[in-house]
Amino acid sequence: SQLALIGKVVANGGITTTPDLNFNQVQWNSSSPDTRYFPGGRLDYNITQRVKMYLSALVTNTSQPTVAAATFPGADFSNQGAGTSSKNYTLSYGMDFVATPNLINQLKLGYLYNNTKYAYNAAPLYATQPTVNWNFPGAAGNMSGLTYQTPVTTFYPILSASDSVTWQHAAHSLSLGASWYREQDHYYNPPVGYNNYDLGLANGDPALQAFTTSSLPAADDSTVAEAGQLYAVLTGRVSDVNGTFPYSQATKQFEHTIGAYNLDEVVSATGLFAEDSWKVLPSLTLNYGLRWDFAVPQHDLTGAYHSASPGDIYGPSGLGNLFQPGKLPGNMNPVLATNPRPYAAWKLTPQPAFGFAWAPKVTEGPLKGLFGGDGTVIRGGFALRRFTEPGQYFWNNAADYGSFYFQNFFLTANNTGQAGTFAPGSLAVGQPVPPLGYEPQSYQATAP
């Protein structure tokens with residue numbers, strides 16, 4: 001039935017030839033409107049001569065309903081396209097309090113809404129129709145009309161606040177303040193739990209005997225492989241079946257149904273700072289200050305992070321022992337264990353900064369006129385800043401690359417008779433599927 005629908009597409013034209021005469025390419029125009037809105041506004045209000053505040057909003061909305069075209073043109077495939085949309089806006093509130101002409105306090109509050117939806121309008125075809133990969137060698141893409149878009153959504157809201165006091169006294173401009181932010185990362189994974197069929201002739205398939213250089217004497221090895229794969233596509237012959245099942249936060253087990261495992265992670269930090277700009281001379285200004293951060297590292301609200309402790313990483317060698325021949329004082333059975341908070345918070349983070357600006361003025365000698373006035377300023381500085389590990393790098397290690405969020409299931413073509421296998425050449429798309437194999441067999445809170 002799938003080949004019949006594709007045949008209707010071919011009959012409608014739009015075909016171009018390729019160097020390989022065993023297949024052609026279908027080309028067509030796909031409408032993909034892209035709509036973007038950028039509204040913004042700001043309101044300023046002077047409560048008194050000394051107290052002023054503002055409220056601002058900046059919005060970016062984008063929508064492209066058909067950014068991913070269907071595999072083939074025509075009404076029979078029109079529900080396979082998918083789009084992307086995003087909604088992002090910042091809300092900012094600020095209040096300035098002028099206590100005296102030389103003393104000002106500034107309060108700032110912010111909220112960032114960051115939401116992107118990929119394949120948000122994709123039809124859930126994966127739940128009702130098989131997902132089939134043709135794997136035809138040399139073709140431009142998979143070519144199968146039975147592969148589908150699945151949705152992914154990200155929502156990363158951030159709250160922030162800061163307050164600072166600036167005091168100008170004589171030749172000094174002193175600033176003191178604090179800042180805070182909290183980011184919560186919601187990552188809604190695509191649904192899984194459905195079968196993915198790969199078409200082909202697996203090792204041991206009796207049909208392989210029909211496709212050899214003896215039976216096709218004018219063909220080379222690659223062309224023989226093409227012929228065998230073409231036969232597998234036309235007959236729906238399955239070489240393997242695979243997929244994954246998601247971990248359930250409610251049952252703490254893998255659920256053998258179509259669903260998704262969604263991440264929910266939080267990271268936050270608070271900082272204190274003090275700095276001074278001191279005009280030592282009319283031609284010399286010094287800037288110096290200190291920042292101190294208290295960072296709470298990213299942690300997993302679902303409790304599914306897995307990682308290895310330092311002792312488990314060293315294993316039998318023992319913590320810190322890189323080379324001690326004949327000695328195994330460490331852990332003989334290292335494990336990856338559930339640990340929602342694998343890293344400690346930052347507490348000791350002094351971060352100094354120093355800078356200067358000097359406008360030399362030479363009034364005598366051979367350099368007279370070269371320096372001075374508005375012509376030359378010499379600047380320099382030094383700052384020490386604590387590096388914050390990027391969120392993805394942190395997640396890779398804290399979550400062991402998400403190794404425990406999904407259970408793999410499989411059907412492999414061989415004659416062992418074990419669970420998760422089938423006799424090569426005995427399974428076609430649409431036939432009952434033998435018992436699946438699973439890896440791991442069940443959810444592991446701790447794994448070797």
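**Close-up views of a predicted model**

**View 1. Lys 252, with a relative accessibility of 41%, counts as partly exposed.** Partly exposed refers to the range between buried, which is under 20% relative accessible area, and exposed, which is over 50% (1.4 Å probe, protein chains only). This is a predicted model, in which local features need pLDDT of at least 70 and side-chain atom pairs count only at pLDDT 80 or more, while totals for chains, interfaces and linings use all residues. Residues are numbered from 1 along each chain as its sequence is written, and side-chain values use heavy atoms, with hydrogens and water left out. Lys 252 sits in the loop between strand S13 (238-248) and strand S14 (253-254), where helices (H or I, at least four residues) and strands (E, at least two) are DSSP runs numbered from the N terminus. Although Lys 252 is not a glycine, its phi is positive, at about 60°.

**View 2. Asp 400 is another residue that has a positive phi, of about 50°, although it is not a glycine.** The loop that holds Asp 400 lies between helix H4 (391-398) and strand S21 (406-413). With 22% relative accessibility, Asp 400 counts as partly exposed.

**View 3. Helix H1 (residues 2-11) has Gln 2, Ile 6 and Val 9 as its buried residues.** These residues cover an arc of only 45° around the axis, which puts them on the same side of H1; the arc is that of the directions from the helix axis to the C-beta atoms. An α-helix has 3.6 residues a turn, so residues three or four places apart point the same way. Strand S2 (25-26) is included in what covers the buried residues of H1, with contact meaning heavy atoms within 4.5 Å. Ala 4 and Ala 11, on the other side of H1, are exposed. Just after H1, Gly 13 takes a positive phi of about 90°.

**View 4. Strands S5 (residues 51-68) and S6 (residues 82-100) are paired in the antiparallel sense over 15 bridges.** Two strands pair if DSSP finds at least two bridges between them. In this pairing, Ala 68 stands opposite Ala 82 in S6. S6 is also joined to strand S7 (residues 103-118) by 16 bridges, with the two strands running antiparallel, and Thr 84 stands opposite Tyr 118 in S7. The hairpin that joins S6 to S7 passes through two residues.

**View 5. An open sheet of three strands has the order S17-S18-S24, with antiparallel pairing.** Strand S17 (306-307) and strand S24 (446-447) stand at the edges with a single partner strand each, so one side of each is left without a neighbour in the sheet. Two bridges join S17 to strand S18 (residues 336-338), and the bridge partner of Ser 307 in S18 is Ala 337. In the loop between strand S23 (437-439) and S24 lies Pro 440, and the peptide bond from Glu 439 to Pro 440 is cis, with omega near -5°.

**View 6. Thr 338 lies in strand S18 and, at 30% relative accessibility, counts as partly exposed.** Leaving out residues up to four places away in sequence, Thr 338 touches Gly 303, Tyr 305, His 306, Tyr 443 and Ala 445. The side chain of Thr 338 makes a polar contact with the side chain of His 306 (3.3 Å), and it reaches the backbone oxygen of Ala 445 at 2.8 Å. A polar contact is a pair of N or O atoms within 3.5 Å; within protein, one must be able to donate a hydrogen and the other to accept it, and residues adjacent in sequence count only if both atoms are side-chain atoms.
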